[in-house]
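Subject: Structure for you to look at

Hello,

Here is the structure I said I would pass on. Please open it beside this email and follow along.

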Amino acid sequence: MPRKQAALKRRTTLTLPSDSLLQAQKIAHSRQVNLSTVISEVVAAGLRLESARHRRNQILENYRTAFTGFSGDELAILDGVILEPVGAGRR
Amino acid sequence: MVDPAAGPFLFDTSAEGWLARNASADVVRWLYAYLGLHQFSVSAVTVTERIRGYGMLWRRSDPGARGRIEVARIAYLSQLGNVLPVDSAVAVVAGEIIALIPEAPTPPRRSHRLAESRQERLARWRFDGLIAATALVAGIPLVHNNASDFEAIRSAIERSPERFPGLGPLELIRCSLLA
């Protein structure tokens, strides 16, 4: 079975709010892991949320573009109701 | 209000259109919350109806207006989430539905100077049968904006459970009740 490749890591310096740092230290202590692990998990979760938020906004924006600027009859056609001028089609 | 967490749902063509163009803050909030929990699911039939609609508008439009329609079509295709296929199970169930109710339960639509032909109404009714079958086979509620047609399908399935073994009931949610 192929082994999962460990994510590449880089050292950096961050300035964090004291209360957040304190909370993260408490979590690390209670779970007996180091502070970097807790901060990494929190950052990954935050990035997933941000990505989901971006995706949702993009969907809503695309929906607006897809249905904007059409008349009522044109919107009916987009909904699958094909309207023709009365007497124009085979009845 | 329907809890977005109660999903996933399948959205009928007109329900998708209703949600996408509804500017009510409550509806937009509901859709935003729903998209945070589930992919937006539609039937492949909805994609067919929608793309056919863009195609017809494009052909009917002046060349100068066609760019706008193409932008709208591409925006629609860019946001497609989970498209449920018409597979053999869906085809069989849709065939049973259409056999039970061969004619559309409501008349063709009309507007001021335009009307839907009988052939188009029948085609749309059969598309609705395929969409209802998709929800039934997937075992998820169908959100719709067309109570008369889908309630007729739901009732027919309830009256003839032997034609739908192991399936049903068809759960329906009217889109105006979502938010």
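What follows is a description of each chain, then of the contact between the chains, then of a few local details. Please keep in mind that this is a predicted model.

Chain B

Chain B contains seven helices and six strands. Following the sequence, their pattern is β-α-α-β-α-α-β-α-β-α-β-α-β. The C-alpha trace of chain B spans about 55 × 40 × 30 Å along its principal axes. Buried residues account for 36% of the 179 residues of chain B. If you take the contacts in chain B between residues at least 6 apart in sequence, 78% of them join residues at least 24 apart.

The sheet in chain B

Five strands of chain B make an open sheet with parallel pairing, and their order is 3-2-1-5-6. Which strands stand at the edges? They are strand 3 (82-84) and strand 6 (172-174) of chain B; each has a single partner strand, so one side of each has no neighbour in the sheet.

Strand 5 (residues 142-144) of chain B runs parallel to strand 6 of chain B, and three bridges join them. To find this pairing on your screen, look for Val143(B), whose bridge partner in strand 6 of chain B is Ile173(B). Helix 7 (residues 147-159) of chain B lies across strand 5 and strand 6 of chain B, and it runs at about 165 degrees to strand 6 of chain B.

Two packed helices in chain B

A packed pair of helices is described by the angle between the two axes and the distance between them. For helix 3 and helix 4 of chain B, the angle is about 170 degrees and the axes are 9 Å apart. This makes the two helices, helix 3 and helix 4 of chain B, roughly antiparallel, because an angle over 145 degrees counts as such. Helix 3 of chain B contributes Arg50(B), Tyr54(B), Leu57(B) and Trp58(B) to the contact, while helix 4 of chain B contributes Arg66(B), Ile69(B), Glu70(B), Ala72(B), Arg73(B) and Tyr76(B). Sorted by class, the residues of this contact between helix 3 and helix 4 of chain B are six nonpolar, no polar and four charged.

Chain A

Chain A has three helices and one strand, in the order α-α-α-β from the N terminus. Of the 91 residues in chain A, 14% are buried.

One residue to look at is Ala24(A), in helix 1 of chain A. Is Ala24(A) buried or partly exposed? Ala24(A) has 18 C-beta neighbours inside 10 Å and counts as partly exposed, because a residue is buried only if 20 or more lie within that distance. Apart from neighbours within four places in sequence, Ala24(A) is in contact with Leu35(A), Val38(A), Ile39(A) and Val42(A). The C-alpha atoms of Ala24(A) and Thr12(A) are 17 Å apart, with the two residues twelve residues apart along the chain.

Where the chains meet

The contact between the chains involves 27 residues from chain A and 33 residues from chain B. On the side of chain B that touches chain A, at least two residues come from each of helix 1 (13-21), helix 2 (25-37), helix 3 (44-60), helix 4 (66-78), strand 4 (114-116) and helix 6 (118-138). By class, that side of chain B has 14 nonpolar, nine polar and ten charged residues.

Strands also pair across the two chains. Strand 1 (residues 83-85) of chain A is antiparallel to strand 4 of chain B, with three bridges between them. Within strand 4 of chain B, Ala115(B) stands opposite Glu84(A).

Backbone details

Most peptide bonds are trans, and most residues other than glycine have a negative phi. Here are some exceptions.

- The peptide bond between Gly7(B) and Pro8(B) is cis, with omega near 10 degrees. Pro8(B) sits in the segment before strand 1 (10-11) of chain B.
- Gly168(B) and Pro169(B) are joined by a cis peptide bond, with omega about 0 degrees. Pro169(B) is in the loop between helix 7 and strand 6 of chain B.
- Gln32(A) is not a glycine, yet its phi is positive, about 55 degrees. Gln32(A) lies in the loop between helix 1 (18-31) and helix 2 (35-67) of chain A. Gln32(A) is exposed, having 6 other C-beta atoms within 10 Å.

Regards

Methods: Residues numbered from 1 in each chain as written. Chains lettered and ligands numbered in written order. Predicted model: local features only at pLDDT ≥ 70, side-chain atom pairs only at ≥ 80, totals over all residues. Contact = placed C-beta atoms within 7 Å. Helix = DSSP H or I, 4+ residues; strand = E, 2+ residues; numbered from the N terminus. Nonpolar A, V, L, I, M, F, W, Y, C, P; charged D, E, K, R; others polar. Pairing = 2+ DSSP bridges. Buried ≥ 20, exposed ≤ 12 C-beta atoms within 10 Å, placed from the backbone. Axes fitted to C-alpha atoms, helices over the stretch in contact; angles between N-to-C directions. Parallel < 35°, antiparallel > 145°, perpendicular 65-115°, else oblique.
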